[in-house]
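This report concerns the structure shown below.

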Amino acid sequence: MTWLITGGAGYIGAHVARAMAGARERVVALDDLSAGVPARLPEGIPLVRGSAQDPELLKRVLAEHSVTGVVHLAARKQVGESVAQPTRYYQENVGGLATLLEAVAEAGIERFLFSSSAAVYGNPDVDLITEDTPCAPMSPYGETKLAGEWLVRAAGRAHGIATVCLRYFNVAGAAAPELADTGVFNVIPMVFDRLTRDQAPRVFGDDYPTPDGTCVRDYIHVADLAEAHLMAARRLDAGATGDLTVNIGRGEGVSVRELVALIGEVSGDRRAPLVEGRRPGDAPRAVASAGLAARELGWTARLGVREMVESAWAGWRLHHGG
Ligand SMILES: NC(=O)c1ccc[n+]([C@@H]2O[C@H](COP(=O)([O-])OP(=O)(O)OC[C@H]3O[C@@H](n4cnc5c(N)ncnc54)[C@H](O)[C@@H]3O)[C@@H](O)[C@H]2O)c1
């Protein structure tokens, strides 16, 4: 068995590669390095530099490495950018996926795992989001993830590929400082960034219908998320057929205010946050029901928000000082 990990030099991809290789799965990474860092990959994992949208390259890599399953993480992931550049997002996240699935079907590969996102749900008015909660994405990014799921399931049915779509909630932390997310797109690095600049963290809106008025999210440690990929890959290796779409979260809500207070404790910089206006499109609450992942994958998150903040802070200091 060999798994191809597209986007394998990325933040999540490198964690997945490490977890799978650590569990003695054979893996090969494919990354165009548009956002990836080769040094994140442990020694012994081959890295093919190139695009997961290049049909000739895909054909060669799938054959040369005798690939039997694909974990597809390579994608554009910035919500704001997707609003400004929707055609690019559809082209890369949906068009690129179609190219990859054609190569997978052509090569007779029967296992496919897709990185989806809680962004497919949009802003549902429920306490816990189950996989049956209706999807209504609020950005072109979320739309491309939902369309990607449809495409994965349709290609799976047409070509006899067993598929799993993992809907990640808010990914944070690092298994080691050098694997940390270097982008400043999510709340934890955004707060670190402010503190490093000697500025108070910003909180967008404190008048939401939540216990402390700030938005509530479900944070998941990237090492736990990587483990979920391993469990999903094992399910496919064990002969699972059909498709499975599953939330990957902890089922626990943490408010932005609680998170900022925890970051203050961990960093030792406890300055009070600056409350600004709401950002358009932010849901008051987005927390996963995590039951299906436990039942279907035998997976539950182990690490808490403190471990996420501590490991993210160690990574931030390595990459940015502070
Ligand atoms: N980070 C999150 O909070 C989060 C949440 C939900 C879903 N996701 C999804 O998880 C996946 C990985 O996200 P990440 O946070 O690791 O992002 P990332 O940008 O660190 O990783 C993506 C990797 O894919 C590579 N890549 C992009 N386009 C490519 C192409 N055409 N060919 C080959 N490589 C290409 C990039 O160089 C990068 O290494 C994405 O699909 C993203 O949408 C992420």
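## Helix 5

In this predicted model, helix 5 covers residues 140–159, 20 residues in total. The distance from its first C-alpha to its last is 28 Å, close to the 28 Å expected at 1.5 Å a residue. Just after helix 5, Gly-160 adopts a positive phi of about 70°.

Which residues of helix 5 are buried? They are Pro-140, Tyr-141, Gly-142, Glu-143, Thr-144, Lys-145, Leu-146, Gly-148, Glu-149, Val-152, Ala-155 and Gly-156. The elements covering these buried residues include helix 3 (79–84), helix 4 (86–106), strand 5, strand 6 (162–168) and strand 11 (243–248).

## Overall fold

The protein contains ten helices and 14 strands. Its C-alpha trace spans about 55 × 40 × 40 Å along the principal axes. For 322 residues, a compact globule would have a radius of gyration near 20 Å, and the 19 Å of the protein agrees with this.

Of the contacts with a separation of 6 or more, 78% are between residues 24 or more positions apart.

## Surroundings of the ligand

There are 27 residues around the ligand, of which Gly-7, Gly-10, Ile-12, Gly-36 and Ala-75 come nearest. By class, this shell comprises twelve nonpolar, twelve polar and three charged residues.

Helix 1 (11–22), strand 2 (26–31) and strand 5 (111–117) each contribute at least two residues to the shell. Helix 1 provides the largest share, three residues.

Conventions: Residues are numbered from 1 along each chain as its sequence is written. This is a predicted model: local features need pLDDT of at least 70, side-chain atom pairs count only at pLDDT 80 or more; totals for chains, interfaces and linings use all residues. A residue is near a molecule or strand if its C-beta atom, placed from the backbone, lies within 6 Å of it. Helices (H or I, at least four residues) and strands (E, at least two) are DSSP runs, numbered from the N terminus. Ala, Val, Leu, Ile, Met, Phe, Trp, Tyr, Cys and Pro count as nonpolar, Asp, Glu, Lys and Arg as charged, and the others, Gly among them, as polar. The expected span of a helix is 1.5 Å times one less than its number of residues. A residue is buried if 20 or more other C-beta atoms lie within 10 Å of its own, exposed if 12 or fewer, and partly exposed in between; C-beta atoms are placed from the backbone. Two residues are in contact if their C-beta atoms, placed from the backbone, lie within 7 Å. The radius of gyration is taken over C-alpha atoms; the globule rule is 2.2 Å times the number of residues to the power 0.38.
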